[in-house]
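Q: I would like to go through this model step by step. Please look at it first, and then we can begin with the overall dimensions.

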Amino acid sequence: MDNLEHLYIPTEPADKMGFGILPGDPKLHLPDYIVGEPEDCVARTLEIDRQAGDTLKEIAEDNGWTPGFSDIIGFAAPMLRLRGSTIMKIPRPARYEGGLTLQEEGIIVFHNRLRDLVNSRTEKGESVTRQTRWVLQQLEELSMLYGKQWEDQSATKGNGTSLSFLDDLHARHDATTEYFVNLQSSSGPWEKIGHQTFRYIDLMYSHIIHAVDYVYKANEILNAGEGRNHYSMKVQAWITEGAHVYFDQIPKVAESMKQKGFDNPPVVEEAWFTMMLRAFLWHRTHLMVDGNRVPSQHWGSRLPVYVG
């Protein structure tokens with residue numbers, strides 16, 4: 001076990017993370033992203049949306065924090081963990097890797113909000129898409145089967161974590177990938193979309209645009225005395241309220257997708273639920289380890305590099 005703890009996932013995409021490069025999942029037509037330093041994250045956000053980039057720049061200049069944008073790690077990266085292996089460790093690609101898709105608070109609030117939404121719509125006789133029910137089913141099963149091990153990423157044992165746990169999450173992550181591959185395919189069973197083109201990258205960016213200022217919005221709600229259910233979690237209130245803010249932003253994400261040429265709010269909603277689940281699963285099958293990142297410009301160089 002002692003030797004196991006020193007091992008890292010031995011693949012080229014995982015190696016990229018040690019150079020501050022986040023590998024994008026080729027199945028979802030995503031590029032690689034340079035995210036090693038806060039200014040890199042700000043630059044990527046400015047490319048997506050000027051206002052969101054300015055907001056993130058203000059936050060990052062204060063403390064190097066990149067809230068909202070950091071969700072891109074679990075959204076964009078492919079499954080790096082190798083099937084049948086208990087090795088979870090990878091280099092941390094960015095100075096700040098935290099966020100609501102990594103934290104226990106994000107899962108618990110998301111799970112409860114989604115359950116409440118499905119129950120409310122069902123009671124009112126309103127439609128709930130099959131994919132939305134599927135996402136809720138995954139959350140219910142994972143919570144029942146694994147409890148804290150699933151909900152709290154910090155509870156993981158790292159390398160040597162239960163193989164059955166990792167294989168189960170890996171398979172569920174594969175199912176989210178299959179969903180998005182089909183959704184992006186013109187030959188997929190998506191007649192309800194018509195001639196519009198769904199692009200995963202647009203959904204990811206639409207989320208980031210409205211997520212970078214979630215801390216500000218959460219504090220505004222709390223200062224107005226309107227904070228919501230924290231589900232008995234003993235954490236700072238702005239964290240759980242921030243997770244509520246994420247859920248509140250779904251209509252804005254749908255509006256951003258409309259501006260990008262995809263006007264189908266029910267599909268955007270179920271896709272957002274699936275993307276969030278995808279990130280939760282990714283973060284619980286990988287353990288990012290801090291260390292000295294090699295500057296990204298050295299990736300692919302044949303010159304010898306000493307990593308101290």
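Q: What radius of gyration would a compact globule with 308 residues have, and what does the chain have?
A: A compact globule with 308 residues would have a radius of gyration near 19 Å, and the chain has 19 Å, so the two agree. The radius is taken over C-alpha atoms, and the globule rule is 2.2 Å times the number of residues to the power 0.38.

Q: On what basis are these values given?
A: This is a predicted model, in which local features need pLDDT of at least 70 and side-chain atom pairs count only at pLDDT 80 or more, while totals for chains, interfaces and linings use all residues. Residues are numbered from 1 along each chain as its sequence is written, and side-chain values use heavy atoms, with hydrogens and water left out.

Q: What does the C-alpha trace span along its principal axes?
A: The C-alpha trace of the chain spans about 65 × 45 × 45 Å.

Q: How many helices and strands are there?
A: There are 13 helices and four strands in the chain. These are DSSP runs numbered from the N terminus: helices are H or I with at least four residues, and strands are E with at least two.

Q: And what percentage of the residues is buried?
A: Of the 308 residues in the chain, 55% are buried. Buried means under 20% relative accessible area, exposed means over 50%, and partly exposed lies in between, with a 1.4 Å probe and protein chains only.

Q: What share of the contacts joins residues 24 or more positions apart?
A: Such pairs account for 77% of the contacts in the chain with a separation of 6 or more. A contact means heavy atoms within 4.5 Å.

Q: Turning to the nonpolar core, how many residues does the largest one have?
A: The largest nonpolar core has 88 residues, and Trp150, Met204 and Trp272 have the most contacts inside it. Its largest share, 12 residues, comes from helix α13 (residues 265-283). A nonpolar core is a set of buried Ala, Val, Leu, Ile, Met, Phe, Trp, Tyr and Cys residues joined through side-chain atoms within 4.5 Å.

Q: Which residues does Met204 contact?
A: Leaving aside neighbours within four places in sequence, Met204 is in contact with Leu30, Tyr33, Ile72, Phe75, Ala76 and Met275.

Q: Is α9 mostly covered or uncovered?
A: Helix α9 is mostly covered, with 12 of its 12 residues buried. Among them are Tyr200, Asp202, Met204 and His207.

Q: Now Arg81: where does it sit?
A: Arg81 is in the loop between α4 (72-76) and β3 (89-91). At 2% relative accessibility, Arg81 counts as buried.

Q: What does Arg81 touch?
A: Not counting residues up to four places away in sequence, Arg81 touches Ile9, Ile87, Leu163, Leu166, Asp167, His170, Thr285 and His286. A polar atom of the Arg81 side chain also lies 2.9 Å from the backbone oxygen of Ser85.

Q: With which residue does Arg81 form a salt bridge?
A: Arg81 forms a salt bridge with Asp167, and the closest N and O atoms are 2.7 Å apart. Asp167 belongs to helix α8 (residues 163-184), 86 residues away from Arg81 in the chain. At 27% relative accessibility, Asp167 counts as partly exposed.

Q: How many salt bridges does the whole structure have?
A: A search finds 18 salt bridges, each being a side-chain nitrogen of Lys or Arg within 4 Å of a carboxyl oxygen of Asp or Glu. One of them pairs Glu5 with Lys89, with the closest N and O atoms 3.7 Å apart. That pair links the segment before α1 (12-16) to strand β3, 84 residues apart. Glu5 is partly exposed at 26% relative accessible area, whereas Lys89 counts as buried at 14%.

Q: What about Asp290 and Arg92?
A: Their side chains meet in a salt bridge at 3.4 Å, N to O. Asp290 lies in the segment after β4 (287-289) and Arg92 in the loop between β3 and α5 (104-123), so the pair ties together parts 198 residues apart in sequence.

Q: Which residues are joined into a network by salt bridges that share partners?
A: Arg113, Arg228, Glu241 and Asp248 are joined into one network.

Definitions and conventions. Polar contact = N/O pair within 3.5 Å; in protein donor to acceptor, adjacent residues only side chain to side chain.
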